[in-house]
Amino acid sequence: MDLFIVNTLSGLTYGMLLFLMASGLSIVFGLMRIINLSHGSFFLFGSYVAYAMVSRGMNFWLALLLSTICVTVLALLLEKFLISRFHGNEASQVLLTLGLIFVIGDITLWIWGGDFLSIPVPSILDFSFAISESSFPIYRLFVIAIGIICAVLLWYFETKTKVGMIVRAGVDDMEMMGALGFNIKLIFTAVFLFGAALAAIGGVLSGPILGMYPKMEFEILVNSLVIVLIGGLGSWKGAFIGAIVIGIIDSFGKIYLPDVSVLLIFVVMVIVLMFKPTGLFGRVES
Amino acid sequence: MKKSIIVTLLLAIAVCTLPFVISPFVLFMLTEVLIMAIFAMSLGLIMGYGGLQSLGHSAFFGIGAYTVAVLSQYVTSIYILLPAAIIISGIFALLTGLIAVRNKGIFFLMITLAITQMLFLFFRQSDLWGGADGLGTSVKPNLGFMELVSPLSLFYFTGAFFILSYFFLRLFVNSPLGKGLKGVMENEGRMIALGYNVKKYQIIAYVFAGGLAGLAGGLYIFKTQFASPELFSVHMATTVLIMVFIGGLGTLFGPVIGAGVFIFLQNYISTMTDRWSLIMGLLFIVIVLYNRGGILQLLQLIGKKLIPKKNILMDKKGATIIELNESGKAK
């Protein structure tokens, strides 16, 4: 029984890290029909920058803040000078962000090398608690908590604030929002940066758990894409549910079906898409 | 029909004469170009004629490669190995195509990417067939009466398959099936209204392209003698995508030029720096920013300016260029 709880919690931890990544991906798509493949690079770059700071003796929390800012600035530059040129042109956006993921990935490889790196767990959270006979690191619980807090904030932001209302309306009909006099470019940039910041936070928090290695951005990206497809594009709620499902399947699959565990999440994706091509929370495309 | 036979014959002559004018090293590289050209042409078919943006085309290449590598432990005849590579990747294309083709554009792209990444992780993680270390084989193309071992014979062997693939793709594109496919890409709603079974056209093209990519993967094993999970990677899928874009989308011969340019560029740059991945990414960005129709179209435009006399002939070609432009913009 306690093994069951530990596995569930491990799955939730991974799921929450994926949620931080997938929610940004999903909202950005919902708002602007941009599938930003370089979103995985934000995750990776965030964790490497934090590693560089922590390994030079900086406080973990300060590193978290500073690397999030770094990634947001990077995202701002990319959005301003490259991605915004191709609004409405899906194929070009995909190719452009595909190019970016290779460029950023190779630059991080250049700077930090190809070895497996990881960020040490901050000392405040560096202990475990016991679940009858097993133990579970408190840091992972903290990650789960952060994921849930982000989900709650997103919910509050979306339903209770005016900005959330504007973004929601923008997802439904971007052109109408523009016609009504809202600065859709600004809204989009803000959401894009917000998504990048979430990905960076996810990346830094994953540093002590998943570590950093070359090409990890592709694994995270593809898992997030699967989550987004399962949950429905444009919906952070879908991303939340999808992330929990994928995290738990991944965690239990690795233990009970180690040989085919990587196939499991795709099996789930295929089943969901067979019955609901738009995903669980996706709307029918007009 | 006549034109496609003439072009195919010209290609055949080019392939036959090339080994006499180039060095053995370039010949070795050209063998790879021919294999990748088949791969790139197959992606060019579904992208340029079917409008299906696939980020997972390396799945079929990898499946073809593994089919040959695994089966070669039991049989050595190419009459079994290569058809098996084509059929198994074709079946996989059918199964995944049925799921993927239900969606369009970005959705299609994401599903194909996810399926391919699944294969990559599976082949890397599973102990079956070598796992992350990959699977080596010593199989050589065996025609039944003789075994092809020299680089020259391997070049001719792949060359023959390249020409055959080109010819069949030409036939496919010019057939009512191919025309219908292009119609679906350009105006799906209209084709539906006209009573065409739109998804059927896309599935057939997808399976055809999958089988062809499987053939390329199978041929690749004869050259490298080694199948690794990297064949399924996003990197591989991106490589073939960039070949199609360098050469020219919406043409059959464009991907061939793209494959040639890309492989020579890669070999040349790799000798100078380790940062090939960075350069490839930048190449991608530059292509998106400045390129519209690829090298083939550039050549056609230059040819048009250099030879203004042949206006009538060029008008014919000019018509296809305009068609290309429209589809390029429409996407």
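Begin by selecting residues 198-224 of chain B, which form helix H9 in this predicted model. The 27 residues of H9(B) reach 39 Å from the first C-alpha to the last, close to the 39 Å expected at 1.5 Å a residue. Colour the selection by relative accessible area: H9(B) is mostly covered, with 21 of its 27 residues buried. Then step on to Gln225(B), which follows H9(B) and has a positive phi, near 60°.

Remain in chain B and select two further helices, H2 (residues 24-49) and H6 (residues 151-174). H2(B) and H6(B) pack with their axes 8 Å apart and at an angle of about 15°. Because angles under 35 degrees count as roughly parallel, H2(B) and H6(B) are described as roughly parallel to each other. Their crossing is left-handed. Display the residues in the contact of H2(B) with H6(B): by class, 19 are nonpolar and four are polar, and no charged residues take part.

Now move to chain A and select strand S1 (residues 128-131) together with strand S2 (residues 134-137). S1(A) and S2(A) pair in the antiparallel sense over four bridges, and Ala130(A) stands opposite Ser135(A) of S2(A). The two strands form a hairpin with two residues between them. Within the turn, select Ser132(A), whose phi is positive at about 40°.

Finally, show the side chains along S2(A), which alternate between two faces.

Terms used. Residues numbered from 1 in each chain as written. Chains lettered and ligands numbered in written order. Predicted model: local features only at pLDDT ≥ 70, side-chain atom pairs only at ≥ 80, totals over all residues. Heavy atoms only, no water. Expected span 1.5 Å × (residues − 1). Buried < 20%, exposed > 50% of the residue type's maximum accessible area, 1.4 Å probe, protein only. Axes fitted to C-alpha atoms, helices over the stretch in contact; angles between N-to-C directions. Parallel < 35°, antiparallel > 145°, perpendicular 65-115°, else oblique. Left-handed = near helix turned anticlockwise from the far one by under 90°. Nonpolar A, V, L, I, M, F, W, Y, C, P; charged D, E, K, R; others polar. Pairing = 2+ DSSP bridges.
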